[in-house]
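Trainee: Could we go through this model together? I'd like to talk about its aromatic rings and then its sheet.

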Amino acid sequence: MPRVVVLTGAGISAESGLGTFRDAGGLWAQHRIEDVATPERFARDPARVHAFYNARRAQARAARPNPAHLALARLEAALGAAFLLVTQNVDGLHEAAGARNPRHMHGALDRALCAACAHDWDAPEAMAPEDPCPACGAPATRPDVVWFGEIPHHMDEIGRALAACDLFVSIGTSGEVYPAAGFVQEAALNGARTLELNLEPSAGSAFFDEARHGPASRIVPAWVEEVLAAGG
Ligand code: OAD
């Protein structure tokens, strides 16, 4: 059974109606990163940061998984423990498609985190700066998302999986944001084959052994069918 690590980014959810960050008209064209996605801004203006993530949570909860999310869940069901899904996405569309435990390296809109005691819990629909932490009572509720300048989640486990995998596949990500952008080289250094599935060549496209370009809803199910037909 080949050991497969899949990394996904905003492009896999684009056809579910969730905007990407860096495509024309994307989130970072509408909002400055430093206004909504840094711990410093949250400390100064938590209401504004909450408003941004409350709106994103509402959009994400209304979205439905597309054939690319569903295909990855089929692959996970076939490969079991030989498969690790790592996502930079904060939406819950992999779970909605049936993924058992995608590693949300940039956190998840569906979770809340106490900035005072680090307790985490299921996020309500909307959060406000004065919301008390259910564990310690501090009015320090924040979205459990990773902001610029913070350390992504699950990095030790992801590092071990990249070192041990036979195939690394990157789907719907621009390759602009580290550490995820460096996973392809990390996997290749350890002898894995590498494949990019993206609408267009990403910033790191040249680092991959193979790249296939097109919409995720078409090229991801096609690739998964190939893997399953080859016996996993
Ligand atoms: P980006 O917006 O940077 O890149 C999205 C990629 O998806 C681009 O390369 C698009 O070409 C591709 N794409 C768009 N539509 C697609 C489709 N239908 N099928 C396949 N590919 C498509 O998003 P990410 O790479 O996910 O971090 O961004 C990485 C991180 O930057 C995010 O997790 C977020 C952001 O700042 C934080 O907020 C910490």
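Trainee: Which residues do ring pairs link into a cluster?

Mentor: Ring pairs join Phe-21, Trp-28, Phe-42, Phe-52, Tyr-53, Trp-147 and Phe-148 into a cluster, where rings of Phe, Tyr and Trp (its six-membered ring) pair if their centres lie within 6.5 Å. Bear in mind that this is a predicted model, in which local features need pLDDT of at least 70, side-chain atom pairs count only at pLDDT 80 or more, and totals for chains, interfaces and linings use all residues. Residues are numbered from 1 along each chain as its sequence is written, and side-chain values use heavy atoms, with hydrogens and water left out.

Trainee: And how many aromatic pairs does the structure hold?

Mentor: There are seven aromatic pairs in the structure. One of them is formed by Trp-28 and Phe-148, which are edge-to-face at 6.5 Å centre to centre, with 65° between the planes; planes under 30 degrees apart count as stacked, over 60 as edge-to-face and the rest as tilted. This pair links distant parts of the chain, 120 residues apart, with Trp-28 in helix H1 (residues 27-30) and Phe-148 in the loop between strand S6 (141-145) and helix H7 (155-164). Helices (H or I, at least four residues) and strands (E, at least two) are DSSP runs, numbered from the N terminus.

Trainee: Is Trp-28 buried or exposed?

Mentor: Trp-28 counts as buried because its relative accessibility is 18%, whereas Phe-148, at 35%, is partly exposed; buried means under 20% relative accessible area, exposed over 50%, and partly exposed in between (1.4 Å probe, protein chains only).

Trainee: What about Tyr-53 and Trp-147, how is that pair arranged?

Mentor: The ring centres of Tyr-53 and Trp-147 are 6.2 Å apart and their planes are at 50°, so the pair is tilted. Tyr-53 belongs to helix H4 (residues 46-62), while Trp-147 is in the loop between S6 and H7, 94 residues apart. Tyr-53 is buried at 4% relative accessibility, and Trp-147 is buried at 2%.

Trainee: Switching to the sheet, in what order do the strands come?

Mentor: Six strands make up an open sheet with parallel pairing, in the order S3-S2-S1-S7-S8-S9, where two strands pair if DSSP finds at least two bridges between them. Strand S3 (103-104) and strand S9 (210-213) are the edge strands, each pairing on one side only.

Trainee: How many bridges are there between S8 and S9?

Mentor: Strand S8 (residues 193-198) pairs with S9 over four bridges in the parallel sense, and Glu-196 has Ala-211 in S9 as its bridge partner.
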